[in-house]
Amino acid sequence: ADLRCSGRKLLANCFINDTGLKHPAPFADELEPADGKPYERVTMEQAKRGTPPDRPVRVYADGIFDVFHSGHARALMQAKCLFPNTHLIVGVCSDDLTHKYKGFTVMNEDERYDAIRHCRYVDEVVRNAPWTLTPEFLAKHRIDFVAHDDIPYISAGSDDVYKHIKEAGMFAPTQRTEGISTSDIITRIVRDYDVYVRRNLQRGYTAKELNVSFINEKKYHLQERVDKVKRKVRDVEEKSKEFVQKVEEKSIDLIQKWEEKSREFIGNFLQMFGPEGALKHMLKEGKGRMLQAISPRQSPDSSPTREERSPSPTFRLPFFTKTSPPPSPPPHHSGARGYLISEDDDEDDEN
């Protein structure tokens, strides 16, 4: 919620004055001196209400800002958003002071000055800022409040270099961003020193520029070659694994399809040649037809008896019927051995 609020305030300030979004912040020693009006600080309550209306609240934040990172930018953003109308002045300590009280820096003072100038939240940059803020310095730059995280900053023989600022009611605390700092970044570089040396040698830096001995240079080059071989072997292994995996997937698909086709073939075979298959029924039907063809049909059990049958009609030849006249006897010829006997002759014989 605080960050969202700070973002809204910052957006409002950007609409009021967008010079910092188009040009780098100016150096304080290059600006024209302020008018002759006496320096009068505003209270915290007045600053939060947006007063005085004739000028912005002048907030000062200082630091080393070596290897400028997001933690620095967030701190400056919070300082810029402390009040509705804020003019942010950032002091950057020189190399001499920093090396004396804190230690060697990665970036020199000119690089650190320029990095701060190009931060969008900064309105003015003070070069060669003092390590401890004096009343004369505060009055010279017409500073109303000093912004810094609330953790006591032990340095230069003091338990907290901002103690007198806090006692004067001029301190405006900001929140420190955890997980990122210049010391952390340097620690990463020191921890992975060999990796970064080899990286820069590969990019064309000389051993002299990297302060690396001849033997170590050859060692790093040899390590780089060995790593290249390892990477190639790893790539081949990965490609081989991918190929084997694809072959396995294809094999599984083929086996599944073969199993499906096998089940289908077996099912069709059983339907045709199985115990109850179509072929058996066809053979049974064919056998029955053959038996019917070669064996006579038996009489049914319910066929009528001989007495129940209707009498068969008498069939007589035409020449045995009484109605039809007997044919004329053929003329007797000598040597004729047979003769015809009529029914009248039979009756005469019986008489």
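# Close-up views of the predicted model

**View 1. D123 and K80 are both buried.** Here, buried means under 20% relative accessible area, exposed means over 50%, and partly exposed is in between (1.4 Å probe, protein chains only). This is a predicted model, in which local features need pLDDT of at least 70 and side-chain atom pairs count only at pLDDT 80 or more, while totals for chains, interfaces and linings use all residues. Residues are numbered from 1 along each chain as its sequence is written, and side-chain values use heavy atoms, leaving out hydrogens and water. The side chains of D123 and K80 form a salt bridge at 2.6 Å, N to O. The partners come from distant parts of the chain, 43 residues apart: D123 sits in the loop between helix 6 and strand 3, and K80 in helix 4 (residues 70-80). A salt bridge is a side-chain nitrogen of Lys or Arg within 4 Å of a carboxyl oxygen of Asp or Glu. Helices (H or I, at least four residues) and strands (E, at least two) are DSSP runs, numbered from the N terminus.

View 2. R58 counts as buried because its relative accessibility is 17%. E124 is also buried, with a relative accessible area of 5%. In total, the structure holds twelve salt bridges.

**View 3. D149 and R176 meet in a salt bridge.** The N to O distance between these side chains is 3.7 Å. D149 belongs to strand 4 (residues 145-149), while R176 lies in the loop between strand 5 (171-174) and helix 9 (182-191), and the two are distant parts of the chain, 27 residues apart.

**View 4. Strand 4 has buried residues on both faces.** Five of its five residues are buried, so strand 4 is largely enclosed by the rest of the structure. F145, A147 and D149 cover one side, and V146 and H148 the other. Strand 4 pairs with strand 1 in the parallel sense over two bridges, where V59 has F145 as its bridge partner. Strand 4 also pairs with strand 5 in the parallel sense, over four bridges, and there D149 is partnered by T174. Two strands are said to pair if DSSP finds at least two bridges between them.

**View 5. The largest nonpolar core contains 25 residues.** A nonpolar core is a set of buried Ala, Val, Leu, Ile, Met, Phe, Trp, Tyr and Cys residues joined through side-chain atoms within 4.5 Å. Which members touch the most others? They are L76, L88, V90, I116 and V122. At least two residues of this core come from each of strand 1, helix 4, strand 2 (86-92), helix 6 and strand 4. Beyond its neighbours within four places in sequence, L88 is in contact (heavy atoms within 4.5 Å) with V59, A61, L76, A79, K80, Y121, V122, D123 and E124. A second, separate core has 15 residues, among them Y60, A129, I143 and Y162.

**View 6. T105 lies in the loop between helix 5 (95-101) and helix 6 (109-117).** T105 counts as buried because its relative accessibility is 6%. Its side chain makes a polar contact with the side chain of H99 at 3.4 Å. A polar contact is a pair of N or O atoms within 3.5 Å; within protein, one must be able to donate a hydrogen and the other to accept it, and residues adjacent in sequence count only if both atoms are side-chain atoms. A polar atom of the T105 side chain also lies 2.8 Å from the backbone oxygen of M107. Not counting residues up to four places away in sequence, T105 touches I64, D66, D95, T98, H99 and R112.

**View 7. C81 and C119 are two buried cysteines.** C81 has a relative accessible area of 3%, and C119 has a relative accessibility of 7%. A disulfide is a pair of cysteine sulfur atoms within 2.5 Å, and by this rule the count is zero disulfides.
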